[in-house]
Amino acid sequence: LTGSQIFCEFGALPGIHFTLAATFEQPAGKYTSDISQATYDAYFSNASSMWIHGASHGRPDSDQQKVDGDFHFFSLDWRTLLQQGRSYWLRQRFYRNNHEYEFDVAYKFTYNGFTMQDQSPNNLPDQGWILTDRTVIPHSSTPPIPISWDTSDAVTRFWLPFSRTYSGTILTGCGGYAYDTNGCSAADPSIRRYGNAGIIGESGDGQDPAAPWAPHTPTATIPYDMVYIHQNPGMYGDSLPFNRGSIFLLYYLAP
């Protein structure tokens with residue numbers, strides 16, 4: 001990729017040049033049940049057209065929301081940014097409205113050569129990226145995010161998306177951490193777990209180190225958010241009663 005094709009950010013961490021790898025925008029007044037099945041199938045559920053491989057509305061060319069009342073999903077093909085065996089930074093950032101309740105965290109990881117769980121079924125080391133060196137990037141968010149994050153020494157992973165054709169043991173953020181054949185009820189069409197991902201600690205105690213479901217796409221009767229956090233779903237997860245507005249989720253990668 002050339003510089004004209006990517007959005008880069010300098011200065012978030014000293015000496016680190018982050019490439020914006022993907023963005024997910026949930027407009028105010030809408031929830032994941034408003035994501036059409038056609039859109040979900042185009043970018044989340046099929047191995048041949050998964051967002052992490054660039055299937056999306058286009059390249060993420062801005063770190064700002066469009067704010068036009070629609071969902072927007074932009075992503076590069078992450079495989080073009082990574083080489084197996086090399087070390088990188090993964091950065092997860094999200095906020096509501098105009099940078100309200102913002103959280104921004106970066107981790108180091110060594111790329112194992114996999115971007116989907118389908119590529120190496122039933123092999124936990126390949127179904128996620130082990131994350132280390134947790135580094136919170138401060139923002140002057142007003143108001144600040146009211147969540148006490150789990151910063152224990154539990155193994156932390158970015159669990160990779162899987163498609164509707166995957167079968168076997170599945171790594172998810174269910175309850176904070178799960179590794180089983182159920183896939184957090186993945187077979188239930190109203191749950192829509194395919195194409196989801198996030199950052200999890202290795203314990204199913206509902207205490208998250210960052211957003212464990214990000215993106216999060218169910219079409220159940222409860223109006224869910226595109227980012228779900230177990231410690232405070234009223235802030236990120238099931239926020240309809242609080243009318244909290246839009247959500248913007250960003251992922252960055254850096255060598």
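Helices here are DSSP runs of H or I with at least four residues, strands are runs of E with at least two, and both are numbered from the N terminus.

**Figure 1. The whole chain, from one end to the other.** Follow the sequence along and you get the pattern β-β-α-β-β-β-β-β-β-β-β-β. That is one helix and eleven strands. Keep in mind that this is a predicted model: local features need pLDDT of at least 70, side-chain atom pairs count only at pLDDT 80 or more, and totals for chains, interfaces and linings use all residues. Residues are numbered from 1 along each chain as its sequence is written, and side-chain values use heavy atoms, with hydrogens and water left out.

Figure 2. Along its principal axes, the C-alpha trace spans about 45 × 40 × 35 Å. The radius of gyration (taken over C-alpha atoms) is checked against a globule rule, 2.2 Å times the number of residues to the power 0.38. For 255 residues a compact globule would come out near 18 Å, and the chain has 17 Å, so the two agree. Buried residues make up 56% of the 255, where buried means under 20% relative accessible area, exposed means over 50%, and partly exposed is in between (1.4 Å probe, protein chains only). The accessible surface comes to about 10100 Å², and carbon and sulfur atoms own 49% of that; such areas come from the Shrake-Rupley method with a 1.4 Å probe, and for residues only the protein chains shown count as cover. A contact means heavy atoms within 4.5 Å. Among contacts with a separation of 6 or more, 69% are between residues 24 or more positions apart.

Figure 3. Look for Asp208 in the loop between strand 10 (198-201) and strand 11 (247-254). The side chain of Asp208 does reach the backbone nitrogen of His230, at 2.8 Å. Not counting residues up to four places away in sequence, Asp208 touches Trp149, Asp150, Gly176, Ile229, His230 and Gln231.

Figure 4. Is Thr217 buried or exposed? Its relative accessibility is 1%, so Thr217 counts as buried. Its side chain makes a polar contact with the side chain of Asn196 (2.9 Å). A polar contact is a pair of N or O atoms within 3.5 Å; within protein, one must be able to donate a hydrogen and the other to accept it, and residues adjacent in sequence count only if both atoms are side-chain atoms. Leaving aside neighbours within four places in sequence, Thr217 is in contact with several residues, including Thr32, Tyr40, Phe44 and Tyr194.

Figure 5. Asn97 lies in the loop between strand 4 (87-96) and strand 5 (100-110). Its relative accessible area is 25%, so Asn97 is partly exposed. The side chain of Asn97 reaches the backbone oxygen of Arg244 at 2.6 Å. Beyond four places in sequence, the contacts of Asn97 are Gln65, Arg244, Gly245 and Ser246. Ala28 sits in the loop between strand 2 (17-26) and helix 1 (37-45). With a relative accessible area of 51%, Ala28 is exposed. Not counting residues up to four places away, Ala28 touches Gly245 and Ser246.

**Figure 6. Backbone details to look for.** A cis peptide bond joins Ala214 and Pro215, with omega about 10°. Pro215 lies in the loop between strand 10 and strand 11. Now try Asn122: its phi is positive, near 60°, in a residue other than glycine. Asn122 has its place in the loop between strand 5 and strand 6 (128-136), and is partly exposed at 46% relative accessible area. Ser185 has a positive phi of about 60° too, although Ser185 is not a glycine. Ser185 is in the loop between strand 9 (178-180) and strand 10, and its 35% relative accessibility makes it partly exposed.
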